[in-house]
Amino acid sequence: MKIQESAENYLETILMLQKRKGMVRSIDVANELGFSKPSVSIAMKNLRENGYIEVDADGCLILLDAGRQIAEKMYERHTLLSNWLVALGVDPDTAVKDACRIEHVISSESFEAIKAHAQRNS
């Protein structure tokens, strides 16, 4: 199933916040992305209904296997592409913004080729 870019961003954000903070609530996602709480609540409902996350009794967001796989894929792409662009001389802020756009549209084949190239030349 094809997942929308916005859902990929939400899942990646949940993963990044979990790495930083441990437990994550919808308000943390809203604050991180600069979105309204109602917008994030709707997105979390959609992610929950599609089997990507669960919300525990305390309101903490839990990535399910399908959600974690997508989040980790996006996070790996974002991190590698950001670092690669910076190594090529791109301003770090620009690199992060560009990586965020690229990570959603690049094919697996192209990403794996960039990844292999970056690993050979690091």
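1. Let's start with Leu 61, which sits in strand E2, covering residues 61-63. Helices (H or I, at least four residues) and strands (E, at least two) are DSSP runs, numbered from the N terminus. Please keep in mind that this is a predicted model, where local features need pLDDT of at least 70 and side-chain atom pairs count only at pLDDT 80 or more, while totals for chains, interfaces and linings use all residues. Residues are numbered from 1 along each chain as its sequence is written, and side-chain values use heavy atoms, with hydrogens and water left out.

2. Is Leu 61 buried or exposed? Leu 61 counts as buried because its relative accessibility is 3%. Here buried means under 20% relative accessible area, exposed means over 50%, and partly exposed lies in between (1.4 Å probe, protein chains only).

3. Which residues does Leu 61 touch, leaving aside its neighbours within four places in sequence? The list includes Ile 14, Gln 18, Val 24, Val 29, Met 44 and Val 55. A contact means heavy atoms within 4.5 Å.

4. Next, have a look at His 104, in helix H5 (residues 92-105). His 104 counts as buried because its relative accessibility is 9%. Not counting residues up to four places away in sequence, His 104 touches Glu 5, Glu 8, Asn 9 and Met 74. With Asn 9 there is also a polar contact, side chain to side chain, at 2.8 Å. A polar contact is a pair of N or O atoms within 3.5 Å; within protein, one must be able to donate a hydrogen and the other to accept it, and residues adjacent in sequence count only if both atoms are side-chain atoms.

5. Lys 97 is in helix H5 and is exposed, with a relative accessible area of 54%. Asp 93 is found in helix H5 too, and Asp 93 counts as exposed at 55% relative accessibility. From the C-alpha atom of Asp 93 to that of Arg 77, 16 residues apart along the chain, the separation is 16 Å.

6. Asp 65 belongs to helix H4, residues 65-87. With a relative accessible area of 64%, Asp 65 is exposed. The C-alpha atoms of Asp 65 and Gly 51 are separated by 8.7 Å, and these residues are 14 apart along the chain.

7. Now step back to the whole chain. How many helices and strands are there? The secondary structure comes to six helices and two strands, running α-α-α-β-β-α-α-α from the N terminus on. The radius of gyration is 15 Å, close to the 14 Å that the globule rule gives for 122 residues, so the chain is as compact as a globular protein of that length. The radius is taken over C-alpha atoms, and the rule is 2.2 Å times the number of residues to the power 0.38.

8. Finally, a few totals. Buried residues make up 36% of the 122 residues in the chain. Among contacts between residues at least 6 apart in sequence, 54% join residues at least 24 apart. The C-alpha atoms fill a box of roughly 45 × 30 × 20 Å, taken along the principal axes.
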